[in-house]
Amino acid sequence: MQTEMFPKIGLAFSGGGNSSSFYIGFLEVLDEHNLKPSYIAACSGGSLVAAAYACGTLEEFKQKIFTLNKEALKNYYVRSKNKGGFFSLDPLEEAVRTFTKGKTFEEVRPLMGFVAVDIETGEKVLLCMGDIARAARISCTLPGVFEPVRWGGKTLIDGRLLTMVPGDFLRLANMDITVGINMRGTKHIFSERFINGKKVYNFLKKILFIKAIESFFHSFDEFENMDLGEKPGIFTVIGKSLDLAIAANKIDSEKNEACDLMISPQTPTQKTWEFTPESLRLDYQCGRDIATQYIPQIIKLIESKKVPAL
């Protein structure tokens, strides 16, 4: 007798705002309906939740999240001793490791990949091997604010620089059904003011050749002459990141990020940027509500993708 093969579900999580508590609620509802993902591709805060979920500590992570506020967040970063960012996320990495229990990607299920960007080459990098806590920390490394992380011969920063919803990695992982969640609604992590400012600088540099301007902005060009392995300065990181964001803005990102189902939720704190235990609980409940709302569509996709087993 033939039985049906259950399609592989892939989830693509963006970051931003109180996304961590939203994703906790979303994943809880999927589990309650026995709709367990086979792969999670994530950025930023989505990586933290995916890490706890795959390591079986989501409930503990949730309880920790519900105690956070802006003051408590200061415990997860320290002043950087290097020149690539104002702060270091070393404390965050160690805190995440208490939830990952020191596990590697190879040891857990579902399979996961956290998105980063190599500041040296400008390429997207999928972190899917080795220490989960280190990869999650890297995926939260906002350029200029936090120092880049040197890992695997690459200098890595937040993957949201080039992608908001990593749906392309779900397709590379051969998922039958892809569900993306966009918590940001923007194409890149920098504001339009920063993007436009860098465009003006690039224009002036190209056509005017004014020495005063060249001298003032020299720090933006350190990257071009940087020796391999040398740690870039903060202005180098910001300048290079802005150039990459400008280039990425010209690409049809919606096509790259396209999923079978794309969810763009409006969370209660999306416009206020609150960060209190109360706001985190509101976004957690929003995650549960949104998941419940979309369960019928996900089930419909599953039914359409089921195939008889050989």
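Me: Why is Lys124 called partly exposed?

Reply: Lys124 has 30% relative accessibility. Buried means under 20% relative accessible area, exposed over 50%, and partly exposed in between, with a 1.4 Å probe and protein chains only. The value of 30% falls in between, so Lys124 counts as partly exposed.

Me: What is this model, and what are the ground rules?

Reply: It is a predicted model, where local features need pLDDT of at least 70, side-chain atom pairs count only at pLDDT 80 or more, and totals for chains, interfaces and linings use all residues. Residues are numbered from 1 along each chain as its sequence is written, and side-chain values use heavy atoms, with hydrogens and water left out.

Me: What makes Lys124 and Asp168 a salt bridge?

Reply: Their side chains meet at 2.7 Å, N to O. A salt bridge needs a side-chain nitrogen of Lys or Arg within 4 Å of a carboxyl oxygen of Asp or Glu. The 2.7 Å value passes, so the pair qualifies. The pair links distant parts of the chain: Lys124 lies in strand β7 and Asp168 in helix α7 (residues 167-172), 44 residues apart. Helices (H or I, at least four residues) and strands (E, at least two) are DSSP runs, numbered from the N terminus.

Me: Is Asp168 buried or exposed, and how do you know?

Reply: Asp168 has a relative accessible area of 15%. That is under 20%, so Asp168 is buried.

Me: How do you know that Arg150 and Glu120 form a salt bridge?

Reply: Their closest N and O atoms are 2.5 Å apart. That is within 4 Å, so the label holds. This pair also links distant parts of the chain, 30 residues apart. Arg150 is in strand β9 (residues 149-151), and Glu120 is in the loop between β6 (111-118) and β7 (123-127).

Me: What makes Glu71 exposed?

Reply: Glu71 is at 53% relative accessibility. That is over 50%, so Glu71 counts as exposed. The closest N and O atoms of Lys74 and Glu71 are 3.4 Å apart.

Me: How many salt bridges does the structure hold?

Reply: The structure holds 15. Salt bridges that share partners join Asp90, Glu93, Glu94, Arg97, Asp131, Arg134 and Arg137 into one network.

Me: Why is Pro232 called buried?

Reply: Pro232 has a relative accessible area of 5%, so it is buried by the under 20% rule. Pro232 sits in the loop between α9 (211-216) and α10 (234-249). The C-alpha atoms of Pro232 and Thr155 are separated by 8.9 Å, with the two residues 77 apart along the chain.

Me: What makes a set of residues a nonpolar core?

Reply: It is a set of buried Ala, Val, Leu, Ile, Met, Phe, Trp, Tyr and Cys residues joined through side-chain atoms within 4.5 Å. The largest here has 65 residues, and Ile40, Met112 and Phe114 touch the most other members. Helix α12 (residues 277-305) gives the most to this core, with 10 residues. A second, separate core of 10 residues includes Ala12, Val115, Met164 and Met175.

Me: How much of the protein is buried?

Reply: Buried residues make up 53% of the 310 residues.
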